[in-house]
Amino acid sequence: MRLLFDQFMKKCEDGSWIHLPSYNYTLFQRSQDISAFIHAYLPTASKLINEEKLLQAKIFTRNFEDGLGFEYVMFYNDVEKRVVCVFEGGPYLQGMPGCLHGGAIATMIDATVGTSAMIAEGIVMTANLNINFKRPVPLCSVVLINSQLDKIEGRKLFISCNVQSVDEKTLYTEATSLFIKLDPEKQV
Ligand SMILES: CCCCC/C=C\C/C=C\C/C=C\C/C=C\CCCC(=O)SCCNC(=O)CCNC(=O)[C@H](O)C(C)(C)COP(=O)(O)OP(=O)(O)OC[C@H]1O[C@@H](n2cnc3c(N)ncnc32)[C@H](O)[C@@H]1OP(=O)(O)O
């Protein structure tokens with residue numbers, strides 16, 4: 001993980017790659033911003049959200065103690081419209097014995113392609129995520145999640161993604177996704 005981090009940080013030196021900040025809570029640091037966002041973009045959902053509990057909201061992937069859950073760092077290349085995530089799934093993410101849970105893989109794919117969509121178009125949500133699990137991901141191994149923004153049609157963003165071993169010799173997972181840029185005029 002450290003070796004790959006250093007390799008990507010070196011790539012950032014000429015500005016071709018950017019080390020993306022890690023969000024531990026939400027895109028918005030202040031609770032009143034979260035509430036304003038929900039009332040503006042998700043008025044239907046906002047009626048069912050317990051604002052009290054909202055104060056405890058954290059990004060799902062940042063809820064485990066170090067090393068036990070989702071350990072990851074993301075880098076972005078604007079020319080290639082790519083987000084690469086270096087990810088190690090810790091022992092609390094086990095599915096089948098010794099393997100990473102499919103839901104944990106899906107989560108990190110969603111986070112990686114979601115970040116790519118957000119960088120491109122700001123406030124988006126996942127409309128569709130199609131995942132083909134080709135090989136089991138060994139628990140506690142480091143993998144590379146490569147996402148590619150393929151096209152934007154109006155509010156629709158089409159982003160593909162794969163999950164590979166660090167030596168890029170094993171293709172673990174392939175995915176396609178559709179993100180929609182939220183329209184505050186529409187009641188979702
Ligand atoms: C400001 C950011 C700056 C940069 C930030 C950088 C880094 C950020 C870092 C950290 C941030 C943290 C996390 C980011 C990572 C991950 C993000 C997670 C994202 C999620 O995990 S989010 C949860 C799961 N997600 C949902 O909970 C959505 C539920 N859903 C809905 O809320 C609605 O469904 C919605 C809003 C999606 C669309 O609703 P809508 O009313 O706006 O749009 P509408 O339905 O009209 O569809 C418009 C056109 O898309 C087509 N279309 C729609 N759905 C389709 C489908 N499934 N298949 C094929 N086509 C589809 C239609 O057919 C039409 O196509 P056409 O225009 O051609 O007719």
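Modeller: What follows describes the ligand shell, then the chain around it.

This is a predicted model, in which local features need pLDDT of at least 70 and side-chain atom pairs count only at pLDDT 80 or more, while totals for chains, interfaces and linings use all residues. Residues are numbered from 1 along each chain as its sequence is written, and side-chain values use heavy atoms, with hydrogens and water left out.

There are 20 residues around the ligand, a residue being near a molecule if one of its heavy atoms lies within 4 Å of it. Those that come nearest are Asp110, Thr126, Arg155, Lys156 and Lys186. By class, the shell holds twelve nonpolar, four polar and four charged residues; Ala, Val, Leu, Ile, Met, Phe, Trp, Tyr, Cys and Pro count as nonpolar, Asp, Glu, Lys and Arg as charged, and the others, Gly among them, as polar.

The protein buries 56% of the 1400 Å² that the ligand exposes when taken alone (accessible areas come from the Shrake-Rupley method with a 1.4 Å probe).

Two or more residues of the shell come from each of α5 (102–121), β4 (124–133) and β7 (171–181). Helix α5 gives the most, with six residues. Helices (H or I, at least four residues) and strands (E, at least two) are DSSP runs, numbered from the N terminus.

The protein chain as a whole has five helices and seven strands, in the order α-β-α-α-α-β-β-α-β-β-β-β from the N terminus. The domain assignment, which is automatic or from a database, gives domain 1 (2–22 + 60–181) and domain 2 (24–58). Their centres, taken over C-alpha atoms, are 24 Å apart. Along its principal axes the C-alpha trace of the protein chain spans about 45 × 35 × 30 Å.
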